[in-house]
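Have the sequence and the 3D view open as you read.

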Amino acid sequence: MNIEKVQFLTDEEKAEVDLYFLEGEKYFLLQDFSKAMTAFHKVLQLDPKNAATHYKIGQIYSENNDIDKALPHAIFAKNYNPKNKYYYLLLAHIQTNLEDFVAVEKTYTEMLANVPDTESYLFELAAIQLYQKEYEAALVSYQKAEDHFGAMEEIILQKQTVYLKMNRMDLAVEEGKRLMDLYPNEPSHALSLAQMMLSNDKYEEAEEFILSKIDQYQNNERLYIFLSEAYGKQKKYARAIKVLEVPFASTTLDLTRKIRTMAGYLAMLPNEELNEPLLKLSEKLVKTHPNSYQALAMTGDLYYNINDRPKGREYYLKAVEIDGSNYNIWQNILSLDLEMEDYDAVIEHSEKAIENFPNQATLYYFGGTAYLIKKDYENALKTFNAGKAYAARDAQMKSLFHGQLGDAYNSIGDHSKSDEAYEIALDAKPDNDHVLNNYSYFLSLRKKDLDKAFKMSSKLVRDFPENSTYLDTHAWVLYMMGDFEGAEKNLKQALLYEPSATIIEHYGDALFKLGKIDEAIIQWKTARDMAEDTTTLDKKIADKQLYE
């Protein structure tokens, strides 16, 4: 670096300046800034206006993050020698650290005006202007850069960014088209332009543009994805799904993205227009990713949402064969088993799921419930008792488990354990309507604790005044308490909502107790026509007697 000399220095002083400056440079390169600073200050004692030395001192202060002290030295160096590029750059660096962007812009502007061959710093100037939202000024700077260097990808992209910030979508699109003309064999620029249109809600324009490029960039997966998005945003859902067949047939497109795309359509199902296109899409998904449990599970979700439960379960089962570590899939399988009333499958699948998730209470609940429905009370009790420990911290699950235990114990005639289980269930969740119903009903059948049964059944009909089962239970409690009029009233109300053979028979019993024999027999005959086991009803009707 040249050291500016002051004309009135003697030859001896000039030699000293050179010596101290070189010494300072040596220590600066060794990063011994303390000794470098001492040497440079000796230079300034001899030559206070030595621009190079002020520059070096400014550098040292800047390196030490002592920006305020660095600034005056950098300013002095630049002002004293306005043709030195490095002085401007140091000053701009310091001003940037001080976040004085107005000053930074001025420094770059002066340098570009005063120092030849600094046009590459037009990019820094434009960036500063862009940061300050001086969009027109930034465009001028980028245009100067383009005039000097020619059309370049970086310049066009930056101009496009500025136009977008100015909400000049038309000009941003024009820049994108210029970029495609410059690089006709590079599909990324077409993709960027399509994405820009979509991001700015220009869906029709995006559709038209992408369709014009499909032949040029055949089988480009992202182009089809963008086209699908353009269709989707215009609610052309069938077309949106159809064009996804190309990227879905590709193994290079990220599977997670495919899954996420399909998931977005599930909430729209069932839909006659979309069911078939989505099924075709899922076929491609599974064919392309045959060993992916996610692809199989997503197909299961699809069939479930179009109400094809058996097919949904089939794909879920294929998914867990590949990877049984997804708990949600097991839950879906068990829910479908129950919906399809396939209780043997519930038992089989719950046991397999428990092998993977031995601490999940819900799995034991599914299995135990299936055993209970099948009247295999021994295995029901065994399953519920095995799983209840995992439900202890969840009041809802604890109540469900003990409610089922109460039903199972009652079914084998162990009323003591049944009552105990029901009490635990209600202690965990006092408004468990299943328990309130069964507990009060079974107590009424045993004619035990009828006041407690009345309290529970009263709460039920208060909370669920249109539930025929709960009205029947409350009526039967009243019946066992000798309130036949109250029983008749509630049973009559129950018949308005969902009449069953049991409710009609109970209604006949209440009428009989009130001395309305002929009316009672009419109700028993109606119940007989609906009941599976008519033995007791036949006897009541034939003998015109009440057999409870």
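## Ground rules

Helices here are DSSP runs (H or I, at least four residues), as are strands (E, at least two), and both are numbered from the N terminus. Residues are numbered from 1 along each chain as its sequence is written. What you're looking at is a predicted model, where local features need pLDDT of at least 70, side-chain atom pairs count only at pLDDT 80 or more, and totals for chains, interfaces and linings use all residues; side-chain values use heavy atoms, leaving out hydrogens and water.

## A cis proline

Let's start in the loop between helix H16 (255–266) and helix H17 (272–288), where Pro-270 is found. The peptide bond joining Leu-269 to Pro-270 is cis, with omega at about -5 degrees.

## Two cores

A nonpolar core means a set of buried Ala, Val, Leu, Ile, Met, Phe, Trp, Tyr and Cys residues joined through side-chain atoms within 4.5 Å. Buried is under 20% relative accessible area, exposed is over 50%, and partly exposed is in between (1.4 Å probe, protein chains only). The largest such core has 95 residues, and those with the most contacts inside it include Phe-209, Met-262, Leu-278 and Leu-302. There's also a second, separate core of 25 residues, with Leu-9, Phe-40, Ala-51 and Ala-52 among them.

Back to Leu-302: what does this residue touch, leaving aside residues up to four places away in sequence? Its partners are Met-262, Leu-266, Leu-269, Leu-278, Leu-279 and Ser-282, with contact meaning heavy atoms within 4.5 Å.

## The largest pocket

A pocket is an open set of points on a 1 Å grid over the protein atoms alone, where a 1.4 Å probe fits, with protein on both sides within 12 Å along at least five of seven lines; lining residues have an atom within 4 Å of a point. The largest pocket holds about 450 Å³ of space, counted as the volume filled by probe spheres set on the points, which are joined across faces, edges and corners.

Helix H22 (361–373), helix H24 (395–411) and helix H26 (433–446) each bring at least two lining residues, and H26 gives the largest share, three residues. Among the lining residues are Tyr-377, Asp-407, His-434 and Phe-442.

## Two positive phi angles

Lys-375 also lines the largest pocket. Lys-375 sits in the loop between H22 and helix H23 (377–387), its phi is near 65 degrees, and it is exposed at 60% relative accessible area.

Asn-307, in the loop between helix H18 (293–305) and helix H19 (309–322), has phi near 70 degrees, a positive value in a residue other than glycine. Asn-307 is partly exposed, at 49%.
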